[in-house]
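This briefing is meant to be read alongside the sequence and the coordinates.

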Amino acid sequence: MRIKSKPVDQQGLERIVTRISHEILEKNKGSKNLAIIGMRTRGEFLANRIAEKIKEIDNAELPLGVLDATLYRDDFRTRLKQPEISVSNITFDLNEKDIILVDDVLYTGRTVRSALNALMDMGRPASIQLCILVDRGHRELPIRADYVGKNIPTSQNEEIKVKMNEVDGEDAIYLIEVNNE
Amino acid sequence: MPLNSRHLLGLQGVSKEDIQLILDTAHTFREILDRPIKKVPTLQGKTIVNLFYESSTRTRISFELAEKRLSADTVNFSISGSSVSKGETFKDTMQNIEAMKVDMVVARHGAAGVPLFLTNICDANIINAGDGIHEHPTQALLDMYSIRQKLGKLEGLKVCIVGDVAHSRVALSNIYGLLTMGVKVSVCGPSTMIPRYIEELGVDVIHNIDEAIQENDVLNVLRIQLERKAKEYFPSIREYAKYFGITQERLDKNGKDILLLHPGPINRGVELSSEVADGSNQIILYQVTNGVAVRMAVLYLLGTLN
């Protein structure tokens, strides 16, 4: 495993959050009906930051939730390791809300698929929009993001590591090469 | 981190880490039970047989709901209406059921050791839903989960198990589980209902119910099993209720905020007075709700092992 480059540093990440927050407000013509849901783990912190930014810009406190969609995954029969599950924490009513679903990396699209199913089981939002920090390509399902922090084309033996201050002690995005033996 | 065993036969010998994992996982499932659609697709395609050789309301419905909420296919078996009445042996019955390709078996039986026997004759994951007077692990797990949720911890607490300890599988599973989690466990009841040598498991014996109320944070009150000839162990039900029944007066007298658990079904006016059974100390229905989440956790952790 070897770090190839650092496409985004701390300042870059801050700018991305600012731009995406503006884009969300522009597209939805304000923040009136919005709610933000972050996907565990790093999507959660990203969601917090976007919510804070929107509060700064629009002076509105958005409902904020955390989603763990592990139970909806499609790889229970094929995985060798049992995935750890944790609690979703969504205390507001999803019905008729415009949901901004936030995650760090968009890759195959399978996590987003499971998240969509999970959200549908909790209510009937007016819309769900996908906000992603890094789109690294290689989609296996017809899923695309509405807000993209950065497009970083990758090969299959590369990986994107998003670091966030809250858990990793730094803000950065790394492109990493993994050795496939 | 997966569980260390592919079956759940009892809590004897189950590690602290495994119990912790089940309780933490249950907490995740607890959230699902509050959703409008109480179902996740996790065990889709798994077939689970509920093999109940003994009557049951709570445990059976609880397991069946847990299975359905994880999207497993379920089949219910009970002796009435089955070929058991035609003289088929237990082993033959079980092997025929297994030949229909089942992944997990939830078993309740009047004889201790049946779940263990099942692990020898079939490949499915086995979950013990109560075997004779041996163990009832999911009941003890839901008791522990309920205590942990209400009091915020398990370690360092004092829990007393009251009643017919000698004939209770709930008591034995609770004793094993609670001791593993660092709880100080005692038992209380008439001496005919306290097994000899029980101190060797590491529990204290109290014969005075007032003392038990004063000295503990939690009482887990067992049902007097009238169908298992419990009456032979004390002179009369009235006398039992007088000396060991929990009444509001008794709780007030000892002036202590105590948490009351009961595995159900309650004999009102025997082990608990009606007032106490509906009172503010008890968490009986809370236990029942948590039971579904705890069983979902066990089914998930065993059913998704590869």
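In what order do the elements of chain A run from the N terminus on? In this predicted model, the order is β-α-β-α-β-β-α-β-β-β-α-β, which comes to 4 helices and 8 strands.

**Chain A: overall form**

- Chain A has a radius of gyration of 16 Å, close to the 16 Å that the globule rule gives for 181 residues, so chain A is as compact as a globular protein of that length.
- Taken along the principal axes, the box filled by the C-alpha atoms of chain A is roughly 50 × 40 × 30 Å.
- Of the 181 residues in chain A, 37% are buried.

**Chain B: two domains and their contact**

- The domain assignment divides chain B into domain 1, which covers 16–136 + 288–303, and domain 2, which covers 137–284.
- The centres of domain 1 and domain 2 of chain B, taken over C-alpha atoms, are separated by 26 Å, and 21 residues of domain 1 are in contact with 21 residues of domain 2.
- On the side of domain 1 of chain B that touches domain 2, the elements giving two or more residues are helix 1 (16–32), strand 4 (125–131) and helix 11, and the largest share, 6 residues, comes from helix 11 of chain B.
- The residues on that side of domain 1 of chain B divide into 9 nonpolar, 7 polar and 5 charged.

**Contact between the chains**

- Between the two chains, 13 residues of chain A are in contact with 15 residues of chain B.
- The side of chain A that touches chain B is made up of 7 nonpolar, 4 polar and 2 charged residues.

**The largest nonpolar core**

- In soluble globular proteins, nonpolar side chains tend to be buried together.
- The largest nonpolar core holds 138 residues, of which A:Ile36, A:Val102, B:Val105, B:Val162 and B:Ala297 touch the most other members.
- Helix 11 of chain B (residues 284–303) provides the largest share of this core, 10 residues, and the core draws at least three residues from each of domain 1 and domain 2 of chain B.
- Leaving aside its neighbours within four places in sequence, A:Ile36 is in contact with A:Ala47, A:Ile50, A:Ala51, A:Leu62, A:Leu64, A:Ile100 and A:Val102.

Terms used:
Residues numbered from 1 in each chain as written. Chains lettered and ligands numbered in written order. Predicted model: local features only at pLDDT ≥ 70, side-chain atom pairs only at ≥ 80, totals over all residues. Contact = placed C-beta atoms within 7 Å. Nonpolar A, V, L, I, M, F, W, Y, C, P; charged D, E, K, R; others polar. Core = buried A, V, L, I, M, F, W, Y, C linked by C-beta atoms within 7 Å. Buried ≥ 20, exposed ≤ 12 C-beta atoms within 10 Å, placed from the backbone. Domains from an automatic or database assignment. Rg over C-alpha atoms; globule rule 2.2 N^0.38 Å.
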